[in-house]
Amino acid sequence: MMRKLYFKYIGILSFMTAQAQTLTIDQSYKLAVENYPLIKQYELIEKSKEYTLSNANKAYLPQISLTAIEGYVFGDFPTLGNSGSDSKFKFIGLGQVNQTIWDGGATKTQKKIIEASSNADKASLEVSLYDLRSRVNQLYFGVLLIDEQLKQLQIQNTILSNNIDKVKKLHENGLAYKTDVDEMKAEQLNLSRQKKDFEYTKAGYQTMLSYLIGKNISQEKLGRPLNSIGIDTIIKRPEQLLFASQRNLINAQSDMQKVSLMPKLDYWAQA
């Protein structure tokens, strides 16, 4: 009884191991994106947007400047009252404050341009990732297709082997020609050559897919995906989002040209 349970336990472990080595198409997409160098641009785009927005928000902060000048004065220099010193070296200090009260909507429009530009950059990256997904599809389903073709070749080879045995027996009994057997053997050799070609192509696809996702899949089985793609998934292409983002960017830049014609209101003081 214990031996039967032990063998059953080993069988369950073997099944779990086989399941763990199955690579799905969704896992391939995820690994390819994680292994894609341009994915790091997402973080750079977001940081750049935050930095530029922070600078744009500083437009309404008061601008303060201080200037100090010291020099030797030739002749008389006008003073207020008695300075208490007849030195020809004089010191002049100048302070200036400039406060924007209303910039005609320039800051608001500049922030819209920053947001639109960031969204356009992200949409462009999404287009690149969509192309990456397409390459994964070509390689992944290419391997599955070759596996099916190899199965068909195996079936044809089995049928040929059975027919060769039958024709051999007919030839031994004088009911068939030897050339019939030779033709079938030639066809079997042709199937063997096709099998090697398919295996070579499959190995190439597996190598390319391994480089693409950053994982060796030569010993893994590729799972067949379920047909769950809806019409919405087919229609929503990243290029559409890119075109919309670019249109928003152009509109925001056009608004900046209108803002440049608006009056500006500043507060200025100097002492």
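**Reading helix packing and cores**

Mentor: Helix α3 (residues 41-57) packs on α4 at an angle of about 175°, their axes 9 Å apart. Keep in mind that this is a predicted model.

Trainee: How are α3 and α4 oriented to each other, roughly parallel or antiparallel?

Mentor: Angles over 145 degrees count as roughly antiparallel. α3 and α4 are therefore roughly antiparallel.

Trainee: Which residues of α3 and α4 make the contact?

Mentor: From α3, they include Tyr42, Ile45, Lys49 and Leu53. From α4, they include Ile114, Asp121, Leu125 and Leu129. By class, the contact of α3 with α4 has seven nonpolar, six polar and seven charged residues.

Trainee: At what angle do the axes of α4 and α7 cross?

Mentor: Roughly 160°, and the axes come within 8 Å. Helix α7 spans residues 238-259. The pair is therefore roughly antiparallel. The crossing of α4 past α7 is left-handed. The contact of α4 with α7 has 14 nonpolar, eight polar and four charged residues.

Trainee: Now the cores. Which residues touch the most other members of the largest nonpolar core?

Mentor: Start with the general idea. In soluble globular proteins, nonpolar side chains tend to be buried together. Here the largest nonpolar core has 17 residues. Leu132, Val136, Tyr140, Leu209, Ile213, Ile217 and Leu222 touch the most other members. α2 (25-35), α4 (106-172) and α5 (178-213) each supply at least two residues. α4 gives the most, with seven.

Trainee: What is Ile213 in contact with, leaving aside neighbours within four places in sequence?

Mentor: Leu23, Ser28, Leu31, Ala32 and Asn35. A second, separate core of five residues includes Ile146, Leu150, Leu160 and Leu191.

How values were computed:
Residues are numbered from 1 along each chain as its sequence is written. This is a predicted model: local features need pLDDT of at least 70, side-chain atom pairs count only at pLDDT 80 or more; totals for chains, interfaces and linings use all residues. Side-chain values use heavy atoms; hydrogens and water are left out. A nonpolar core is a set of buried Ala, Val, Leu, Ile, Met, Phe, Trp, Tyr and Cys residues joined through side-chain atoms within 4.5 Å. Buried means under 20% relative accessible area, exposed over 50%, partly exposed in between (1.4 Å probe, protein chains only). Helices (H or I, at least four residues) and strands (E, at least two) are DSSP runs, numbered from the N terminus. Contact means heavy atoms within 4.5 Å. Axes are lines fitted to C-alpha atoms, for helices over the stretch in contact, and angles run from 0 to 180 degrees between N-to-C directions. Angles under 35 degrees count as roughly parallel, over 145 as roughly antiparallel, 65 to 115 as roughly perpendicular and the rest as oblique. A crossing is left-handed if the near helix is turned anticlockwise from the far one by less than a right angle, and right-handed if clockwise. Ala, Val, Leu, Ile, Met, Phe, Trp, Tyr, Cys and Pro count as nonpolar, Asp, Glu, Lys and Arg as charged, and the others, Gly among them, as polar.
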